[in-house]
Amino acid sequence: RQAPALVEWRPTGKGGVETMGRLEGKVAIITGGARGQGALEAELFAKEGAKVVICDILDQEGKDVEAKVLATGGDAVYSHLDVTRDDDWQQAVGLAESRYGQLDVLVNNAGIARGASIEETSEELWDEVLAVNTKGVFLGTRRAIPVMRRAGGGSIINVSSIAGILGRKLAPAVYSASKGAVRVFTKSTAIQHAHERIRCNSIHPGPIDTPMLAGITANPAMLRERTDEVPLGRLGNSEDVAFGVLYLASDESSWITGIELIIDGGITAM
């Protein structure tokens, strides 16, 4: 197999370079794409040449992201997707293949951050968090693999968390359990499908300033507690994570599978 063609680079005029069409010709599904990190990923992917299926349960917000991508010359379509429902997954993956002819990238970005102490965590809460954060990744991966196989390969990016790597006082145990499962499921997927040129990697953000942390960022004391633990001195933002996802989706990472890309401002280095 030949190595992928080099991406095109050009000067920015600001002492750096920018890439052109890093995802040109690729088709991507992004879950949780209606707002925050997922919406930014959808816009960035489209800007880099991908055709994007934006998936979420927030229909109006998802359609707004679709309209924004189309207005800026990109190609995207919105599909309602509850990641815990296999029939929704079948519809979204089918839409990608029927509309665009293939599926090259799956970003399992959708997730919820809920929880309490172990003693206060009900069975219902445990099941809810695991259903979205873990079962949703499994269902999407299972539906994506046959379509990626037909396309000759692909890249699956699972958004986990640093809470899926180490125990954290600030993270509920149920959330950590769900993200830890994603971490190891990613490695299993990578090993079992490497021979089909289907890569699978996980992203492990630290605290990111998105709507998921709105309750924390609105509370000065809680915000200070979060930022004080970050060696780089600030919360992450959606761009910090989105460019990591972009790299793993692109052919620039064609010899990378089964890794944990940690984007946490240095927390896990301590």
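## Overall build and a buried lysine

For 270 residues, a compact globule would come out near 18 Å in radius of gyration, and the protein has 18 Å, so the two agree (taken over C-alpha atoms, the rule being 2.2 Å times the number of residues to the power 0.38). This is a predicted model, where local features need pLDDT of at least 70, side-chain atom pairs count only at pLDDT 80 or more, and totals for chains, interfaces and linings use all residues. Residues are numbered from 1 along each chain as its sequence is written, and side-chain values use heavy atoms, with hydrogens and water left out.

Here are some whole-protein values:

| Property | Value |
|---|---|
| C-alpha box along the principal axes | roughly 50 × 50 × 40 Å |
| Buried residues (under 20% relative accessible area, 1.4 Å probe, protein chains only) | 48% of the 270 residues |
| Accessible surface (Shrake-Rupley, 1.4 Å probe) | about 13,100 Å² |

Carbon and sulfur atoms own 52% of that accessible surface. As for contacts (heavy atoms within 4.5 Å), take those between residues at least 6 apart in sequence: 69% join residues at least 24 apart.

Now for one residue. Lys 179 sits in helix α5, residues 173-193 (a DSSP run of H or I, at least four residues, numbered from the N terminus). Lys 179 is buried, yet has no salt bridge (a side-chain nitrogen of Lys or Arg within 4 Å of a carboxyl oxygen of Asp or Glu). Its nearest side chain of opposite charge, Glu 41, is 11 Å away. So what does Lys 179 contact, leaving aside neighbours within four places in sequence? The partners are Asn 133, Val 159, Ser 160, Ser 161 and Gly 164.

Terms used: Buried means under 20% relative accessible area, exposed over 50%, partly exposed in between (1.4 Å probe, protein chains only). Helices (H or I, at least four residues) and strands (E, at least two) are DSSP runs, numbered from the N terminus. Lys and Arg count as positive and Asp and Glu as negative; His and the chain ends are not counted.
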